[in-house]
Amino acid sequence: MNVISFLRFVELPTKVASMLPFLLGSLYALYRFDDFEPLNFALMLVSLLSFDMATTAINNYYDFKKAAKTHGYGYETHNAIVRHGLRERTVVATIFTLLLLAVGGGIALVTQTGLLVFLLGGLSFLIGILYSFGPIPISRMPLGELFSGLFMGFVIIFISAYIHSGDTLVTLVFRPDWVTLQLNWLEVLYLFWFSVPAILGIAGIMLANNICDIEDDIENRRYTLPVYIGRKNALLLFRLLYYVSFLDLIVLLLLGVNPVLTVMLLITVIPLRRNIALFEEKQEKAVTFILSVKNFVLMSTARIAVLALAILIQNVIAF
């Protein structure tokens, strides 16, 4: 396995689905609570990126082993194992190496932050494995969009904010005979609302992927959400995800959680609507699926830029 085949095997470009929420959570902590811990940031980056790559690798390996249809774009071109003629032993070794890196970085982060990160990280690990592996993987059920959106869109943002701000959000204390949990419910609620565009954007990526794969999924007995609700309803849901995201941004601006600069994000409606229309015209994995990724990247990078600018202005005023 060379560098190019490895990057295609783990589908590195798709890691934006975890990296952008990670950056959003870190910037949120810096903007709202004025907290940032460089070591914790680095440890979570290693653990999260390794695990995300491992999950994709497992999914590709599982699809390779279980495929009922062994021809076409989804098998011969999209799956890097077939495309690059990767040996099964090398594939399995790569998966275990990535999982070891993820676990090692995660344990180091827990020693720095506490058991709440262990519990949430462990739950995320479990869902990530079950998403691609097991008797009935989540990715083969109509729950893929829900689980991927919540865990990659909210849990990642929550953990990445928590590792910097800690007790400002939640305090969890374990003693021999009792456990104490103190929750700043209002700040956690604000953080969840802040995460809604990421939750829906990631769900949109999964939904677009499943819409493109409806026929292949039926052949391979993958009963995803579009298979259940049909292509027409799935496309309507795809459009609504983005409109709800913008409504959420406006509500947060009115509540004072988002900076005033958030109004600048409204300009992204123009390219987003164009991409939605193009996807509705043709749902093809090799051509239009990427539009859902572009929508997520556009909205998330725009929010990151706005937050970064707001933090810069904040620091200039403070100085």
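## Close-ups of a predicted model

**View 1. Lys15 and Asp52 join up in a salt bridge.** In this predicted model, the side chains of Lys15 and Asp52 meet with 3.4 Å from N to O. Lys15 sits in the loop between helix H1 (3-9) and helix H2 (16-33), while Asp52 belongs to helix H3 (residues 38-66), so this pair ties together parts that are 37 residues apart in sequence. Are the two partners buried or exposed? Lys15 has a relative accessibility of 3%, so it counts as buried. Asp52 comes in at 11% relative accessibility, and it counts as buried too.

**View 2. Glu187 meets Arg32 in a salt bridge.** Here the N to O distance between the two side chains is 2.8 Å. This one links distant parts of the chain: Glu187 is in helix H9 and Arg32 is in helix H2, 155 residues apart. Take a look at how the two ends sit. Glu187 is buried, with a relative accessible area of 14%.

**View 3. A salt bridge brings Asp213 and Lys285 together.** Their side chains meet at 3.0 Å, again going from N to O. Where do the two residues lie? Asp213 is in the loop between H9 and helix H10 (214-219), and Lys285 is in the loop between helix H13 (269-281) and helix H14 (290-318), so the pair ties together parts that are 72 residues apart in sequence. Both Asp213 and Lys285 are buried.

**View 4. Helix H9 crosses helix H12.** H9 covers residues 185-212 and H12 covers residues 231-255. Two packed helices are described by the angle between their axes and the distance between those axes. For H9 and H12, the axes come within 9 Å and cross at roughly 165°. Angles over 145 degrees count as roughly antiparallel, so that is the label H9 and H12 get. The crossing of H9 past H12 is left-handed. And what kinds of residues make up the contact of H9 with H12? By class, there are 20 nonpolar residues, two polar ones and two charged ones.

**View 5. Strands S1 and S2 form a hairpin.** Now for a pair of strands: S1 runs over residues 170-174 and S2 over residues 179-183. They pair in the antiparallel sense, over five bridges.

**View 6. Trp178 sits in the loop between S1 and S2.** Trp178 has a relative accessibility of 38%, so it counts as partly exposed, a label for values between 20% and 50%. How far apart are Trp178 and Val196, in sequence and in space? In sequence they are 18 residues apart, and in space the separation is 34 Å, C-alpha to C-alpha.

Notes:
Residues numbered from 1 in each chain as written. Predicted model: local features only at pLDDT ≥ 70, side-chain atom pairs only at ≥ 80, totals over all residues. Heavy atoms only, no water. Axes fitted to C-alpha atoms, helices over the stretch in contact; angles between N-to-C directions. Helix = DSSP H or I, 4+ residues; strand = E, 2+ residues; numbered from the N terminus. Parallel < 35°, antiparallel > 145°, perpendicular 65-115°, else oblique. Left-handed = near helix turned anticlockwise from the far one by under 90°. Nonpolar A, V, L, I, M, F, W, Y, C, P; charged D, E, K, R; others polar. Salt bridge = Lys/Arg side-chain N within 4 Å of Asp/Glu carboxyl O. Buried < 20%, exposed > 50% of the residue type's maximum accessible area, 1.4 Å probe, protein only. Pairing = 2+ DSSP bridges.
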